[in-house]
Each structure stands twice: as structure tokens, then as C-alpha cells.
Amino acid sequence: GELKTSEAPMASEKKNVADQDKAGYISQYTFWWMTPVLSRAEKNGRLTEGDIPKLPSQDHPERLYERLRQILSTRKKISGWFLFVTVIWSIQPWLCLSCVVNCWLFLVCMMVDPLILQYLLDGENSLRTNLLFVAGLGVSMLVRTTTVETSYFASVRAMNNARSALVQALYQNALYLPAKCEPDFDVGKLTNLVATDADKFAKVEWIVFFMGQCSWAVISLPVSIYFVYRLVGTAAVVGTVVMVVQTGLMVVVWKRIEPLNNRVQECRDARSRLMTDLIKTIKRVKLSMTHAAWRGKVSTKRTEELSLLGKARYLSACNEFLGCVGTAAVPVSIFSYYTLVEGKSLTPA
């Protein structure tokens, strides 16, 4: 009898383990653990609540919030950067590390592929050697595809976890706000912190993946420039100059975007504060027939907010355009200098 009663909790615990936690390395890199969910969706034409996969143990909101609370409770002063690093990295270090490492593996393959292709196109190798190079390219492509998808998926999870922990922390402060702070506390700011600011983390799901790219760029940029210099000589310097100019322009535009985003948020806080005051005094507003004046105040703030938001969006589009142009401008400048200025011919290798 004791054996049966002891097996029941173990079976229940095993059943409650998330599919992703049970998945092996191959299943995680190929997303095979999602196959049962996709099969049920295909068979039934929809997904019910019971079909949704359970959250992995690292993504449980209670665990994330408790970890955030423990870290913040040890600090007397909390800066913006410290909070940013805490909610993204400190409360989920293994998930972020997985994202960065997989991003590095992806970028290593991106660096190795052109070298293999160069040796393959030399035309001086034996058939067996060329077949080995082709096999190497195939393996590299497989590794590159699986690692980039796994890395980006980990980045999405990390940013959603950050939002989950922040929303819980903000609601906790809102529910247990000390009485002495209530008269001076900005209700509109707190409302936007919960409704918009915390939600922004889910809209920049690429942040951790981008951090992995930036860290790899710092490590690999000298090596990359060296290999390009070996192939095209002085033209590599031209490409480097174009890349530096493009990055500088993007930084200048971003410095103009940041203050606009801050002013947009200030307008949202002011509008939320107006709406809160309006709701509190709605009976008095109706009796005094001042609803038109209140509507004018809210509309003015909304118009100002939309104007600033439009400017910020145009500058963001300009930055994206600079990024796209720069991606093409670097190789174009290298090959143009190599062929037109130096008068050399391009070979397949």
C-alpha cells in the first residue's frame, strides 16, 4: 500500500513538468517538443486552454518576482541601469546565457561559411576534398539555422519574463502604497508604468539577442577586418570607414529619438492623471457643465502626445533606413574601390 501512495505524487509531479523542461537537446534545438501541440491544433482546428503547453520552470511568474524582490531588497539605492540588468539578466541568468551562447555559435558559423566557400571555389582541390567542404557547409547551415532560432526564442522568453516580474512588482507597490505617500504620488505615472512601460519589454523581444550580437562584434570585428583585408587589401579599410560613419549617424539620430520618447511618456502620464482626476470628480463636472473644458484639456495633451510620437516614429524609420543602407553600403564600397579604384578583377573566390 505504501508503494502505491508514494508513486502517485511522483506520477503527478512528472505529469506537471513542462514539455520544454523534459525535452532533450535535439528536441529543443529543432523545437520538436512543440509537435504534440501543433498536431492537436491541426487535428481539432483550434487550441483549447488545456492544449497550451505549461510554462517551463524558469518562466514561472512567482519564481521571477521572488527573485527580483530578493535582489532589490538588498539595495538601498536602485538606479535605472541596475534595474534593467536585474530584470533581464540577474533573475534569469541561465536563460540569457543560453541566448548569448547560441547567438555566438550562429555568428561563428556566419564567419566560417565564407572561408569554406572560398576554399571550395578555388578549383584546385580534389573531388573528395570538395565533397568534404560541401558537407561542412551543410552542417554549418544546419547549426546556423537551429542556433539563431533557439537564441531568438530565448530572447523572447527573457523579455517576457522581465515584463512578468515588473508587472507583479508594480502591482505590489500599487496595492500596498504607504498612506503617507498617497497624496503626493503621481497616479498617472503609476498607471502608465503598469499599462505601457512594463509592456514595452515584450515589444523589444530582440534585446538579449542584440546584446549577444554586440558582444560578439567587439570580439570578432578585428578578426573579420583582418580576413577581409587579406582578400581585398585597402578596400577593407574603405568598408570599415563606411561602417563607422553609418554607426555614427545612427547614434546621432538615436540621441534625437530618446528625448522625444521621454516627452511622449510625460504626455501620457499627464493625460492619465487628467483622466483619473476627471473620473474622481465626474459628478461635479456634470453638475457644473464643465465637461467641454475637460475634454479640451485631454484633447490638447493627446494632440501633443501624437505630434511627438509622430516625430519619434519618423526618426526611428530614418534610423532603420540608415541600418538597411549601411548593410548594403559596406560591401558595395569595398567592391567598388577594389574594382574601380584599384582596377582589379573579382574572382569567384
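Biologist: What makes up the secondary structure of the protein chain?

Modeller: The protein chain has 14 helices and zero strands. Helices are DSSP runs of H or I with at least four residues, strands are runs of E with at least two, and numbering starts at the N terminus. This is a predicted model, in which local features need pLDDT of at least 70 and side-chain atom pairs count only at pLDDT 80 or more, while totals for chains, interfaces and linings use all residues. Residues are numbered from 1 along each chain as its sequence is written, and side-chain values use heavy atoms, with hydrogens and water left out.

Biologist: Why is F31 called partly exposed?

Modeller: Buried means under 20% relative accessible area and exposed means over 50%, with partly exposed in between (1.4 Å probe, protein chains only). F31 has 25% relative accessibility, so F31 counts as partly exposed. Its place is in the loop between helix 3 and helix 4 (35–44). Phi of F31 is near 60°, a positive value in a residue other than glycine.

Biologist: What makes a set of residues a nonpolar core?

Modeller: The members must be buried Ala, Val, Leu, Ile, Met, Phe, Trp, Tyr or Cys, joined through side-chain atoms within 4.5 Å. The largest such core here has 26 residues, and L68, V87 and F201 are among those with the most contacts inside it. Helix 8 (127–175) is one of the elements that supply at least two residues of this core, and the largest share, eight residues, comes from helix 8.

Biologist: Which residues does L68 contact, leaving aside its neighbours within four places in sequence?

Modeller: L68 is in contact (heavy atoms within 4.5 Å) with T86, V87, I91, A165 and A169.

Biologist: How much space lies in the second largest pocket?

Modeller: About 470 Å³, where volume is the space filled by probe spheres set on the points, joined across faces, edges and corners.

Definitions and conventions:
On a 1 Å grid over the protein atoms alone, a cavity is a set of points where a 1.4 Å probe fits but cannot get out, and a pocket is an open set with protein on both sides within 12 Å along at least five of seven lines; lining residues have an atom within 4 Å of a point.
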